[in-house]
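This report covers a fold, a core and a chain contact. Keep the sequence and the model open while reading.

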Amino acid sequence: MHINIEKVSHQYETKQGMLPVLKNLSLSIKRKGFTAIVGPSGCGKSTITRLVSGLIKPTQGSIFISNKKITSPLSTVGMAFQNPVLLEWRNVIKNIILPLEIVSKNLTYNQKRSNALDLLKLVGLEEFENNLPSELSGGMKQRVSLCRSLVHSPEVLILDEPFAALDAFTKEDLWDVMHKLKKERDFTCILITHDLREAVYLADQVIVLSGRPASLQFEVKTNFNEEKKISDLYSSEVSQLLATLRNQIEIAQNKND
Amino acid sequence: MIRINNFIIPLFSLIIFCLLWEMLVWYNNWPNYKMASPSDLWPAFWKFKHLFLIYGWETFWRTVVGLILSVLVGLSLGILMGFSKTIRIGLYPILVGFNAIPKATVVPVIALIFVGMHNMNTIIIVILISFFPICVSISIGLSTLEREYEDILLSLGANKFEIFYKIALPKTLPEFFGALKVSTTLAFIGTNLMEIIEPHGKGLGHLFDSGKISADYPLMFAVLITLAVMGIFLYYIVVYLENIFAGWAIRK
């Protein structure tokens, strides 16, 4: 599933008039690619997730998933947000099978459960199957949220800062969980983040957006190692990459001023 | 242990309350026409035990039926107002205005419209007095649903109805039960308002009125206590239902 965003402009209607957030943005993400999108706050990153998932339509331009233009939500998309938005009244396993209740209604409960359990094992939470979300830590909730976004085997996974609210060590744990999931499952991923280390560690392509209205400012491949390890983040090669990205963010912020 | 405590502690506080009440009357040496004491109540109950049973049941079933109907009215209005901003803006002034009218003034109006239909009159007043908290809580609960909750289902192509019964409705249940507790106590006010203001020989309100006419103060107090006990009973039924349907929201 490759994704093509072609000359997309988008604006919102606000009380102060039209607010342009994206301007002539074009980018392509290859099949099974992992693309991180970074940029100054409020530059329209989340708008991209809502556009790609088909929740909103761009004012101008179009978005294609495997050459098919998106006009409405697709069941082949999974989403996870900074807020894990788990359903507090459902236990972990029932939270995870929620998407299956919409897109695979003909599966039996046991089939749904076994799909969910496979993922739960991958993220190391199989013993928490029957716990309620209120009994889990922030990192565990986010793991469950990731399982839910993948349970219906989506072809595109959209992550909107899912690790932003976690502490540094939990975050690094979850990065590795993400690597594991990416290896086991077959999906194209878009990650919105403010964390440059996260972008470099998880993605194979990092995109820097300019300030609002956002367009593509900078693009870089991050294939510094076949299998990335946390320790790689302290190598001089990655440091240099991070410095370049930091510099690009500064340029983007200045444009915003 | 927790279960026993849940029973013992309220019982204990009730006994202390009655003792303090008894002492207050005894200390001030009040005659029972000024303030009846708990020890005056039992004879009053016993003297009119058949009336208490008959009238108590009348008040109780009409309150319960009225409450169930007010849940239906409150829920449907709340759902409409939660989902449509137009309906919400349109209905709020009317509902708030309606709720601001003292219900005692509505009683004669209702009684005139449906002359002689005592049960229906009473139930209508119960609905009018109790639907409002339910309606407001449901509409607020539904209209403040975070966008991400909708997005996880909408992005899969779910329809509005699926979002409603899989997410929005269960998520508003704790607020609903909170409002239902308020409505339950209001419902008894509604029943008795009708029974006292528009006397037609039915319900505990009527018994209270008879007590007033015959200056039987212990009887009046006994009616009040019966109402309180019925209110507590119905309240705990609501708590029981809340534990079943929204137990996940209650902190252990």
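Two residues are in contact if their C-beta atoms, placed from the backbone, lie within 7 Å. By that rule, and leaving aside neighbours within four places in sequence, A:Val206 touches A:Ala36, A:Val38, A:Ala199, A:Val200, A:Val220, A:Thr222 and A:Leu245.

The model is predicted: local features need pLDDT of at least 70, side-chain atom pairs count only at pLDDT 80 or more, and totals for chains, interfaces and linings use all residues. Residues are numbered from 1 along each chain as its sequence is written, and chains are lettered from A and ligands numbered from 1 in the order in which they are written.

**Core.** A nonpolar core is a set of buried Ala, Val, Leu, Ile, Met, Phe, Trp, Tyr and Cys residues joined through C-beta atoms within 7 Å. Buried means 20 or more other C-beta atoms within 10 Å of a residue's own; exposed means 12 or fewer, and partly exposed is in between, with C-beta atoms placed from the backbone. The largest such core has 121 residues. A:Val206 is among those with the most contacts inside it, along with A:Val38, A:Ile96, A:Cys147 and A:Leu191. Helix α6 (residues 118-143) of chain B gives the most to this core, with 14 residues.

**Chain A overall.** The radius of gyration, taken over C-alpha atoms, is 18 Å; this agrees with the value near 18 Å for a compact globule of 257 residues (rule: 2.2 Å times the number of residues to the power 0.38).

| Property of chain A | Value |
|---|---|
| C-alpha span along principal axes | about 50 × 45 × 35 Å |
| Buried share of the 257 residues | 42% |
| Share of contacts (at least 6 apart in sequence) joining residues at least 24 apart | 72% |

**Sheet.** Chain A has 8 helices and 10 strands. These are DSSP runs numbered from the N terminus: helices are H or I, at least four residues, and strands are E, at least two. Strands pair if DSSP finds at least two bridges between them. One open sheet of 4 strands in chain A runs β2-β1-β4-β5, with antiparallel pairing. Its edge strands are β2 (17-29) and β5 (68-69) of chain A. Strand β4 (residues 60-65) of chain A joins β5(A) over 2 bridges. There, A:Ile65 stands opposite A:Lys68.

**Chain contact.** Chain A supplies 17 residues and chain B 17 residues. On the chain A side, β6 (77-81) and α3 (98-103) each supply at least two. α3(A) gives the most, with 4 residues.
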